[in-house]
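Student: Could you take me through this structure step by step? I will ask about places in the chain and the contacts between them.

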Amino acid sequence: MLIQPEKLGHWIKNFYGYGSWNAKFWFVGYEEGGGDLPEEVADKMNYFFTKHPGSVEPTLCDIRDLYKQVRFPYDGPKSEKFTTLHDYRFERTAIQHNVWKNLVTFIHGYRGKKLPDLFKYQLNKFATDNEALIQLYPLPSPHNHAWYYSWLDMPEFSFLKSRTLYEDHVYQNRIASILKNVILYKPEIVLMYGMNNINTLKNSIQEFFPGVKFKMTPATKLEIPQHHRTDLGGTTMIITTQIPALRHNRVETGFDWLEFGKKVKTTS
């Protein structure tokens, strides 16, 4: 069996993403990307189990180190260029990640700094010390939102029979762990993007931080995405349904993440 129960359970409980909890900028995506092939999922879980065997707490790992251990999961012409995910994202011939590019753009807009070479930043700096790339839900899932885990014959993981059961099972522990670490590490910004459960998230945050209130800022077409904002004792929390990338390569679905960063800063 490619995916082993002990490693699967370890991943679900302890894997929270990449980078450092000490980072000033936390980017919380809806879920870990990938998951098209069981080999890719197994490679990630095997690495994490070996590298962080004693983890019993929310763990962020080294994305470059992990990607070196994960086979490139796609067929076609790209399979001749890339052997691992590290080749695909962090070597000189890598492909630029559109979401990461816009997250880095957001940072520089917030800080009022000139944009760096975004591709070089991806290769050398992204998700090291300055950014944490965190996942609300841990299991790798493809862009088409297919749910491939229902086929696992593991009675101890009966909640994997559907995405809804899985999300209901892990949500409370995941959001509580993230919010506890907000208190502990005090990041400057937490940007939760691509979220389809805005009201649930807001309720969870208000239960954890009694008295906080959210302000909703409507979208400005092609510039600022609609978002919900609050202050958590010096940490700015932003929640948006938008993903920092064009949908289906349609420009009318995009926003200016440099201007978004500036907007967040000037209204703080």
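Student: In which loop is Gly 76 found?

Tutor: This is a predicted model, in which local features need pLDDT of at least 70 and side-chain atom pairs count only at pLDDT 80 or more, while totals for chains, interfaces and linings use all residues. Residues are numbered from 1 along each chain as its sequence is written, and side-chain values use heavy atoms, with hydrogens and water left out. Helices (H or I, at least four residues) and strands (E, at least two) are DSSP runs, numbered from the N terminus. On that numbering, Gly 76 is in the loop between α3 (63–68) and α4 (85–90).

Student: Is Gly 76 buried, partly exposed or exposed?

Tutor: Buried means under 20% relative accessible area, exposed over 50%, and partly exposed in between (1.4 Å probe, protein chains only). The relative accessibility of Gly 76 is 33%, so Gly 76 counts as partly exposed.

Student: What distance separates the C-alpha atoms of Gly 76 and Ala 94?

Tutor: Along the chain, Gly 76 and Ala 94 are 18 residues apart. Between their C-alpha atoms the separation is 16 Å.

Student: Which residue forms a salt bridge with Arg 71?

Tutor: A salt bridge is a side-chain nitrogen of Lys or Arg within 4 Å of a carboxyl oxygen of Asp or Glu. For Arg 71 the N to O distance is 2.8 Å, and the partner is Asp 43. Arg 71 lies in the loop between α3 and α4 and Asp 43 in helix α2, so the pair ties together parts 28 residues apart in sequence.

Student: How far apart are the closest N and O atoms of Asp 65 and Lys 51?

Tutor: These two residues form a salt bridge. The pair links distant parts of the chain, with Asp 65 in helix α3 and Lys 51 in helix α2, 14 residues apart. The closest N and O atoms are separated by 3.6 Å.

Student: Why do the buried residues of α9 line one face of the helix?

Tutor: In α9 (residues 257–266), the buried residues are Trp 257, Phe 260, Gly 261 and Val 264. Seen down the axis of α9, these residues line one face because they fall within an arc (of the directions from the helix axis to the C-beta atoms) of 100 degrees.

Student: Which exposed residues does α8 carry on the face turned away from its buried side?

Tutor: The buried residues of α8 (residues 198–208) are Ile 198, Leu 201, Lys 202, Ser 204 and Ile 205. They fall within an arc of 160 degrees, so they line one face of the helix. The face turned away from them carries Asn 199 and Glu 207.

Student: What is the phi of Ala 127?

Tutor: Most residues other than glycine have a negative phi. Ala 127 lies in the loop between α6 and β4 and is buried, with a relative accessible area of 5%. Although Ala 127 is not a glycine, its phi is positive, about 60 degrees.
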